[in-house]
Amino acid sequence: MAFRVLAVDDETDFIETLVKRFTFRQIPVTAAGNGPEALALLDREAFDVVLLDMRMPGMDGLTVLKELKKRHPLVEVIILTGHASIEAGMQGMSLGAYDYVLKPVDFEELLEKTRKAYERKKLNEARNTA
Amino acid sequence: MKPETRPDVHAPPLWPHTLLAPVLAGAAVLLALIAPPVIGFILALFAGAVCIGSALILARRVRQGEQEVHELDLRLLQSQKLAAIGELSSGIAHEINNPLAIITQELDLVREIAGEGPDCSAADRAESRDSLREIGKQVDRCRQITHKLLNFARKMEPVLQEEALDQVIEDMALLVEREALGRGVSIVRDYAPGLPPICTDVPLLRQVILNLLTNAMHATPEGGAITLGTRRDNDKLLIEVRDTGCGITPANMPKIFDPFFTTKEPGKGTGLGLSLSHGIVARLGGTLTATSTPGKGATFTVSLPL
Amino acid sequence: MAEPIRVLIVDDEERFRDTLAKLLTRHGFTVRTAGGGTEALALLGQAPCDVIVLDVKMPGLTGQDALPLLRAACPEAEVLVLTGHASVDIASAMIAGGAADYLLKPCPTDELEGAIRAVYDRRQATRPR
């Protein structure tokens, strides 16, 4: 199941490790260091699942999520953050995030959640074209 | 639309507090200065009583006013949300009237020209063909509009996925747990082993559980515990959120899923969470119920079909 | 032979106003069209008309805002509101603002013509000779 992942996080070490692990599993992954970069990438290329950090310089995670869902409503977003705020969680989930996951997270678990998010995207797409 | 304004005729006057009370108290103080000690003491007590009485009455009115404003805000918020949904769908529906209007006219023109029979000119025939082309174009436009409307309706429908129940709810538990531990409240897992997977809208169910856990956390005092449990009951899967908080009074019980009901102080919490959760669970084909022993705690149960 | 009724169609949908103009012209009306309130005012400045067919939802100057300006520019004209958006509030506001009638799109052409003639005849009957 080859799906495309966009990982958005300003923590370079974290993102590099993440990219390596996805690549090792032969899952196409692209990294973005901030919100505007991520949105620009989404406009140019097709992604299925976005892993989104909450606290980034400039545009914060919730703003990115809002914009993302406006322009690409079918793309699924998993919030992956160290920022454990219930408030942010409720807002994120009601804005349409698939899940709110706290770092650190086991990669196998994250991979499974990403697969599930992709499954939802496919189900949504099938429904929209019906 | 203009908001309703309470006619000022019914509001109690302020002058007793802004004029009369200070004047009385002030006069009493001044008199106390020149009166003999006993009278002075009585006047001082009188002045004090006037001030305290006035302050208490004003404070109560201010608090009432705040609560009324808060309630109106909630109603406005809810009706704005509903109005937004209504506006959106009626806006989309109205859009269709423009292409329909064009189709109506083009048809009228084509009928007229067709009615001329063999007498119609080449120019008219060309007009006819152009009108038919335009009708086709506008029908396409209508199709796009109805698709938009259908898409909007679809967004309200759950997307069903099969998932282990623990996997659905555990991330929300971890999120609330961080803040709960900071308040001295623990979250205990009681997941039944060997449960069959649930078929449901995963992110929607997550929102419900997050709401229930957050409420439980706010209701539970330091040192208390929230139990998050899953179990099977015949053909239903149950998720229980049990807290050791203050519980729900029998008076409040019938109202807890009402859109504006809240036990929080004015300004804190919108009271919309539980009613939304109730609606979501209903949309998922299940039920959300609550039981409580006042003073001991409350248990919220999400029951979903297998 | 009665003088042709002069109609001004104000609507931002080009195809709509053009085809309506075509139909009305075939039926003996003298028709001009405008894509919005500002254009309509300019045309009325050049020559008056008898009946204005006015849309409500237009970019820039809406029908509601244009109504008083149009009536001021051409007091002898009657205004027929023709719109795709049904709203009791706007309808009553427009009638209160001087519109003679309020019609909903889609509207069959013969009904619209009937309304134009009716409104014109009423005006003619009250005009001092």
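**View 1. An open five-stranded sheet in chain C of this predicted model.** In chain C, five strands form an open sheet in the order S2-S1-S3-S4-S5, with parallel pairing. Strands here are DSSP runs of E of at least two residues and helices are runs of H or I of at least four, both numbered from the N terminus; two strands pair if DSSP finds at least two bridges between them. The edges belong to S2 (30–34) and S5 (101–104) of chain C, each with a single partner strand, so one side of each has no neighbour in the sheet. From one strand to the next, the twist averages 20 degrees. This is a predicted model, in which local features need pLDDT of at least 70 and side-chain atom pairs count only at pLDDT 80 or more, while totals for chains, interfaces and linings use all residues. Residues are numbered from 1 along each chain as its sequence is written, chains are lettered from A and ligands numbered from 1 in the order written, and side-chain values use heavy atoms, leaving out hydrogens and water.

**View 2. Strand pairing and helix packing in chain C.** Four bridges join S1 (residues 6–10) and S3 (residues 51–54) of chain C in the parallel sense. Look for Val10(C), whose bridge partner in S3(C) is Leu54(C). Helix H4 (residues 88–96) of chain C packs on the sheet and touches S3, S4 (78–83) and S5 of chain C (contact: heavy atoms within 4.5 Å). The direction of H4(C) makes about 150 degrees with that of S5(C); axes are lines fitted to C-alpha atoms, for helices over the stretch in contact, and angles run from 0 to 180 degrees between N-to-C directions. Helix H5 (residues 109–126) of chain C also packs on the sheet, touching S1, S3, S4 and S5 of chain C, at about 160 degrees to the direction of S4(C).

**View 3. Helix H7 of chain B and its cover.** Within H7 (residues 273–283) of chain B, the buried residues include Leu274(B), Ile280(B) and Val281(B); buried means under 20% relative accessible area, exposed over 50% and partly exposed in between (1.4 Å probe, protein chains only). Their cover includes H6 (202–219), S6 (287–293) and S7 (297–305) of chain B. Just after H7(B) comes Gly285(B), with a positive phi of about 85 degrees.

View 4. Where pLDDT is low, predicted coordinates should not be read in detail.
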